[in-house]
Each structure stands twice: as C-alpha cells, then as structure tokens.
Amino acid sequence: MVSNYGELVKAARAAQSPPMSAKELADYLKVKPPFITDIEKGRRLPSLENQKKIKEKLVCDQYPETMFDDLAAADNQDVRIVAEDLAKAIRKQPALRHLIRLINEQKLSATQISKLSATIGGNHHG
C-alpha cells in the first residue's frame with residue numbers, strides 16, 4: 001500500500017503494462033528525469049497541470065484517479081488544496097460542508113467514520 005504521492009507515482013509506473021520508466025514519464029511531461037526522481041522521493045510535488053497529466057497517464061484499477069487526487073492533496077503544504085472531486089462537491093453542497101464539520105468537531109475516529117459511511121451505503125477507502 002502506498003502512503004504518499006511519490007510512492008504512488010512510482011508504484012503506478014511499475015503497474016503499467018509494460019512498466020513505464022521514469023525517463024518515459026519525464027519525456028511525457030516534458031521535464032528532466034531527476035524531476036521524476038524528486039517527486040517519487042517526496043522532495044517535490046508537480047504543478048497541478050502535471051499532476052493531471054500524471055494521473056491521466058498512470059491511473060489503473062489498482063491505482064484509481066481518486067488516490068492520485070487524495071495523496072497529492074495530502075502532500076501539499078497549502079491547506080487549501082483538496083482533491084478535485086471533493087472540492088467540487090463541497091462547493092456545491094452546504095449540507096456536505098456541515099456534515100464534514102460535525103464529524104471534525106465530534107472528533108470521530110476512523111472506525112466511527114467507517115461505520116457511519118457503511119450505514120449510508122458507502123465503502124471507506126482511507
């Protein structure tokens with residue numbers, strides 16, 4: 001299981017058929033290979049534009065789109081950065097913002113959140 005964006009990029013490259021080299025990904029992004037190494041070692045995050053390109057190139061069943069969004073957002077120092085699908089939903093639905101704030105205020109544990117999610121038919125992917 002990958003725990004950060006850099007590990008995800010490296011694992012998703014390896015999961016391609018055939019596996020994609022760091023140089024191939026660098027060529028696709030029009031960057032130098034050390035840039036990919038820096039991403040994979042957690043020393044830097046790519047721009048939002050390059051994050052989208054990486055996601056488009058590397059998404060697969062094992063590493064879905066939401067994983068790329070979630071881990072990139074989690075590794076970003078800017079707390080305003082949120083996974084794109086969640087940001088859109090939060091902006092559109094005041095009730096969703098309220099629910100998230102309630103969960104946060106109540107300091108629910110991961111187990112409690114998973115149980116809540118299961119009661120409304122969701123699967124927890126955290």
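1. A word on charges to start: Lys and Arg count as positive and Asp and Glu as negative, while His and the chain ends are not counted. The place of a charge is taken as NZ of Lys, CZ of Arg, CG of Asp or CD of Glu. On that basis the protein carries 20 positive and 16 negative side chains, and the centres of the two sets are 3 Å apart.

2. Before you read on, please note that this is a predicted model, where local features need pLDDT of at least 70 and side-chain atom pairs count only at pLDDT 80 or more, while totals for chains, interfaces and linings use all residues. Residues are numbered from 1 along each chain as its sequence is written, and side-chain values use heavy atoms, with hydrogens and water left out.

3. Now the overall picture. The protein has eight helices and zero strands; here helices (H or I, at least four residues) and strands (E, at least two) are DSSP runs, numbered from the N terminus. The C-alpha trace spans about 45 × 25 × 25 Å along its principal axes. Of the 126 residues, 26% are buried, where buried means under 20% relative accessible area, exposed over 50%, and partly exposed in between (1.4 Å probe, protein chains only).

4. Helix H4 (residues 48–58) deserves a look. Its buried residues are Asn50, Gln51, Ile54, Lys55 and Leu58. They sit on the same side of H4 because they cover an arc of only 140° around the axis, the arc being that of the directions from the helix axis to the C-beta atoms. The face turned away from this buried side carries the exposed residues Glu49 and Glu56. Among the elements covering the buried residues of H4 are helix H1 (5–15), helix H2 (22–29), helix H3 (33–40), helix H5 (65–75) and helix H6 (84–92).

5. Next, the largest nonpolar core, which has 20 residues. Such a core is a set of buried Ala, Val, Leu, Ile, Met, Phe, Trp, Tyr and Cys residues joined through side-chain atoms within 4.5 Å. The residues with the most contacts inside this core are Tyr5, Leu25, Ile54, Leu58, Tyr63 and Phe68. H1, H2, H3, H4 and H5 each give two or more residues to it, and H1 gives the most, with five. Leaving out residues up to four places away in sequence, Phe68 touches Tyr5, Leu8, Ala12, Ile54, Lys55, Leu58, Val59 and Tyr63; a contact means heavy atoms within 4.5 Å.

6. Neighbours within four places in sequence aside, Arg13 is in contact with Pro19, Met20, Ser21, Ala22, Leu25, Ile36, Glu40 and Leu58.

7. Gln62 lies in the loop between H4 and H5 and is exposed, with a relative accessible area of 53%. Gln62 and Ala15 are 47 residues apart in sequence and 8.0 Å apart in space, C-alpha to C-alpha. Not counting residues up to four places away in sequence, Gln62 touches Ala15 and Met67.

8. Finally, some backbone points. Most residues other than glycine have a negative phi, and most peptide bonds are trans. A cis peptide bond joins Ser17 and Pro18, with omega about 0°, and Pro18 is in the loop between H1 and H2. Lys30, in the loop between H2 and H3, has a positive phi near 60°. Lys107 has a positive phi of about 55° and lies in the loop between helix H7 (94–105) and helix H8 (110–119).
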